[in-house]
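Open the model in your viewer and keep the selection tool at hand. The tour goes stop by stop.

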Amino acid sequence: MVMAKPFLTLQQQLDLLLERGLVVADKDLAIGYLRRNNYYRFSGYAREFQRDPRNQQNQFIPDTSFDLIVSLMDADRKLRRYLLQALEPIEIASRSAFAYSAGRIFGSEAFYLDRVNYLEITPGLDALLEKIRAQLRRSGQPSVERYRNGNDLSQVPIWVAIEAISFGTFAKLSQYLADGTAIKETADHLSIQHTGFSDALHAFSNLRNRCAHHGQLWNRSFDIAFKVLPKERRDAPEFKHPGSYGGIIVINRWLKRIDPQSTWFESVSDFLKEHPVYADGILNPRMK
């Protein structure tokens, strides 16, 4: 059972960090930083420099500084921006190619709302269909309203719906369609291998959500692993899987197919080289 913890003022938060041995050069600046960045966001990074926080050994390793932890949080913010920058064209290109192929195959009616078009093993199919309907209803997009008749969404074509449903919903839809032709054609259009295509979309969606909600990447593993090819692993620095670096590798593969002139991966690699302590937590995540 987790013991309740008392509320701490900003000064008390700083006092606790000092008591545990954190080096703080400017206490006023530190309090200002804690005011703008929740203490428990800060502690998610700081705990990696504590002796054994899982067993209540919360003293900091000697010479650990407040400024070091701030620099790691800043680096994490920059990597999230890099990832979102790359995931945007991947998401848009995937949505577009799928809508084109699915529209050609299924026509203008809302096939994606008919349960007969999904595999029998689809987990939570009723919930998925209701989620799609809810996302269409609350999208507020004029294009959806043009085809909607009250609560009847059966005439909203996929090329309209694809812009109203979330990336995660699109990813799940693509995983469980009974007829996989549209997904295979989407993969072909993007020059991506068929195997694992929908799984990659699912992993991209989860990573994008983590970045969009300012989630920690440094020293964190993912519940959903990116499938790194053997050649990619051989050419990469040593890294643990699953974690952010596997995502970086797979993003680069997709991005190069969409934009062969992209220098995104080189920029990310240079960024990691400039921040070796941060890079180690991306390559080899090991949360205490």
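What volume does the largest pocket have? About 540 Å³. That volume is the space filled by probe spheres set on grid points, which are joined across faces, edges and corners. A pocket here is found on a 1 Å grid over the protein atoms alone: an open set of points with protein on both sides within 12 Å along at least five of seven lines. Lining residues have an atom within 4 Å of a point.

Before going further, note that this is a predicted model: local features need pLDDT of at least 70, side-chain atom pairs count only at pLDDT 80 or more, and totals for chains, interfaces and linings use all residues. Residues are numbered from 1 along each chain as its sequence is written, and side-chain values use heavy atoms, with hydrogens and water left out.

**Stop 1: the pocket**

Select Lys5, Arg20, Tyr40, Arg47 and Asn58. Of the 21 residues that line the largest pocket, these lie nearest its centre. Now colour helix H1 (10–19), helix H3 (39–46) and strand E2 (57–60), the elements that give two or more residues to this lining. H3 supplies the largest share, five residues. Helices (H or I, at least four residues) and strands (E, at least two) are DSSP runs, numbered from the N terminus.

Stay with Asn58. Its place is in strand E2. Is Asn58 buried or exposed? Asn58 is buried, because its relative accessible area is 18%. Buried means under 20%, exposed over 50% and partly exposed in between, with a 1.4 Å probe and protein chains only. Show the contacts of Asn58 next: Arg20, Gln50 and Pro53, leaving aside neighbours within four places in sequence. Contact means heavy atoms within 4.5 Å.

**Stop 2: the whole chain**

Zoom out. The chain has 14 helices and two strands. Its C-alpha atoms fill a box of roughly 65 × 45 × 35 Å along the principal axes. Of its 288 residues, 46% count as buried. Among contacts with a separation of 6 or more, 65% join residues 24 or more positions apart.

Switch to the surface. The chain exposes about 15,300 Å², and carbon and sulfur atoms supply 51% of this area. Such areas come from the Shrake-Rupley method with a 1.4 Å probe. Then colour by charge. There are 38 positive and 33 negative side chains, and the centres of the two sets lie 3 Å apart. Lys and Arg count as positive, Asp and Glu as negative; His and the chain ends are not counted. Each charge is placed at NZ of Lys, CZ of Arg, CG of Asp or CD of Glu.

**Stop 3: backbone details**

Select Asp63, in the loop between E2 and H4. Phi of Asp63 is near 70 degrees, a positive value in a residue other than glycine. Asp63 is exposed, because its relative accessible area is 70%.

Move to Ser191, in the loop between helix H9 (181–190) and helix H10 (197–212). Ser191 also has a positive phi, about 60 degrees, although it is not a glycine. At 47% relative accessibility, Ser191 counts as partly exposed.

Go on to Pro242, in the loop between helix H11 (230–235) and helix H12 (244–258). Which form does the peptide bond from His241 to Pro242 take? It is cis, with omega near 5 degrees.

**Stop 4: from loop to helices**

Select Glu163, in the loop between helix H7 (158–161) and helix H8 (167–176). Glu163 and Pro242 are 79 residues apart in sequence and 30 Å apart in space, C-alpha to C-alpha. Glu163 touches Arg95 and Gln141, not counting residues up to four places away in sequence. At a relative accessible area of 49%, Glu163 is partly exposed.

Step into helix H8 and pick Ser174. Ser174 is buried, with a relative accessible area of 5%. Leaving aside neighbours within four places in sequence, Ser174 is in contact with Ile183, Ser198 and Leu201.

Asn209 sits in helix H10. At 32% relative accessibility, Asn209 counts as partly exposed.

End at Arg81, in helix H4 (residues 66–106). Arg81 is exposed, with a relative accessible area of 57%.

Notes
1 Å grid on protein atoms, 1.4 Å probe; cavity = no way out; pocket = protein on both sides within 12 Å on 5 of 7 lines; lining within 4 Å.
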